[in-house]
Each structure stands twice: as structure tokens, then as C-alpha cells.
Amino acid sequence: MSASGNDRTGRRPVLLLLSGPNLGLLGERQPEIYGTATLADHVDRADKAATRSGFELKHLQSEHEADLVAAVHNARGTVEAIVVNAGALSHSSWALHDALAAFDGIVVELHLSNPDAREPWRRQSVVAPVADGTVAGFGGLGYELAVEAAARLVNGRNSGPPGA
Ligand code: CA2
């Protein structure tokens, strides 16, 4: 389905934003790394970007790896793209890696900070190998960029070969 229009049922294509552990604390601590915006601010920004691109945004935040894995399973066949900031699970969750590998839509990995410029343990992402691409280091702007990239990849996938 393309985002250039609704399908015959009137359904807008769906983009699922997943937020991992501790992201609900954004805005309260470590503003020098993560800024002062709250997760709700970021979701609002992502929602507006999704609407501009003709998509419906759904969001889930969880402290629990299993919830995120289940959300990816449930997305199969109903969601066109997943934008995922898995928090610290980005560096450790092979379960999330495997779930995303079994999702046949677009996957965009997202980080507020630039993990490559931080502690060595943040430099490995287990999400990156199963993502179409990664947006990192742009703070809240990344939520817009990741949603727009996901929407454009979905539309590109539905309208012709990649690379344009
Ligand atoms: O930069 C990102 O978006 C991260 O995914 C944020 C994660 C971190 O573990 C990743 O390496 C990079 C941390 C999530 C939020 O952590 C907070 C902890 C305390 C206060 C505010 C946020």
C-alpha cells in the first residue's frame, strides 16, 4: 500500500514507533545528552510527521523486552514500517533482533544521541543489522527524520525499485 492515498477500506498505512526502557524518563535527567523534551513531545513530533506523510502513527513504550518483541510480532501483516528507539536494548537484545528480522516491512533504527560517539559498549547495535537504516545524533529532529525516511521507503517499495 502506498501512503499517497488510503486503501479501498479507507485505512491509512500504519507506522509503529517503539520506545524501549527508560525513555519515559526523558526530560527529567541527563538533558546534556538527551535534551529537555519528554517522550510525549517526541511522539507528538513523530505523529505530526507521520500525518504529513499520510501515515497513521501508533506508539508503544515499554520497560520490558518481551512487550517490544510481542509488538513486533503483532505488527506483522498490519504495520508497514517500524521506527524503533530500543534504548539500551539496542545494544543487547538478540530477541528484538530476531523479531525485527521476521518483520517484512521497513525498519528504521532511531537514537536521540550518537551512540558511536559515546561509551564503547554503545557502539554495537543488534538492531542495526536488521534495520533498513539508522537515524542517530539529531535529538528530537531524529523523530521527524526517521518517520519521513520510513514513509519514503514504504512508498518507494510500493512504487518501484529502490535507489531513487
Ligand atoms: O540516544 C538514544 O536514543 C539511546 O537509545 C538512549 C538510551 C541509551 O541507552 C542508548 O544507548 C541510546 C537511553 C534511554 C533513556 O535513558 C535515560 C535515562 C535517564 C534519564 C533520561 C533518559
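Gln30 is found in the loop between β1 and α1. The model that shows this residue is predicted. The protein has five helices and five strands.

- Gln30 has a positive phi of about 50 degrees, yet Gln30 is not a glycine.
- The relative accessibility of Gln30 is 40%, so Gln30 counts as partly exposed.
- Asn22 also sits in the loop between β1 (14-19) and α1 (31-34).
- The phi of Asn22 is positive too, at about 75 degrees, and Asn22 is not a glycine.
- Asn22 counts as partly exposed because its relative accessibility is 49%, and exposed would mean over 50%.

- Strand β4 covers residues 106-111.
- This strand is mostly covered, with six of its six residues buried.
- In a regular strand, side chains alternate between the two faces of the sheet.
- On one side of β4 are Ile106, Val108 and Leu110, and all are buried.
- Strand β3 (residues 81-85) pairs with β4 in the parallel sense.
- Four bridges make up the pairing of β3 and β4.
- Val83 stands opposite Val108 in β4.

**Order of helices and strands**

- Along the sequence, the pattern reads β-α-α-β-α-β-α-β-β-α.

**Size and packing**

- The protein has 164 residues, and a compact globule with that number would have a radius of gyration near 15 Å.
- The protein has a radius of gyration of 15 Å, so the value agrees with that of a compact globule.
- The C-alpha trace spans about 45 × 30 × 30 Å along its principal axes.
- Of the 164 residues, 43% count as buried.
- Take the contacts in the protein with a separation of 6 or more: residues 24 or more positions apart account for 77% of them.

**Surface and charge**

- The protein exposes about 8,300 Å².

Methods. Residues are numbered from 1 along each chain as its sequence is written. This is a predicted model: local features need pLDDT of at least 70, side-chain atom pairs count only at pLDDT 80 or more; totals for chains, interfaces and linings use all residues. Side-chain values use heavy atoms; hydrogens and water are left out. Helices (H or I, at least four residues) and strands (E, at least two) are DSSP runs, numbered from the N terminus. The radius of gyration is taken over C-alpha atoms; the globule rule is 2.2 Å times the number of residues to the power 0.38. Buried means under 20% relative accessible area, exposed over 50%, partly exposed in between (1.4 Å probe, protein chains only). Contact means heavy atoms within 4.5 Å. Accessible areas come from the Shrake-Rupley method with a 1.4 Å probe; for residues, only the protein chains shown count as cover. Two strands pair if DSSP finds at least two bridges between them.
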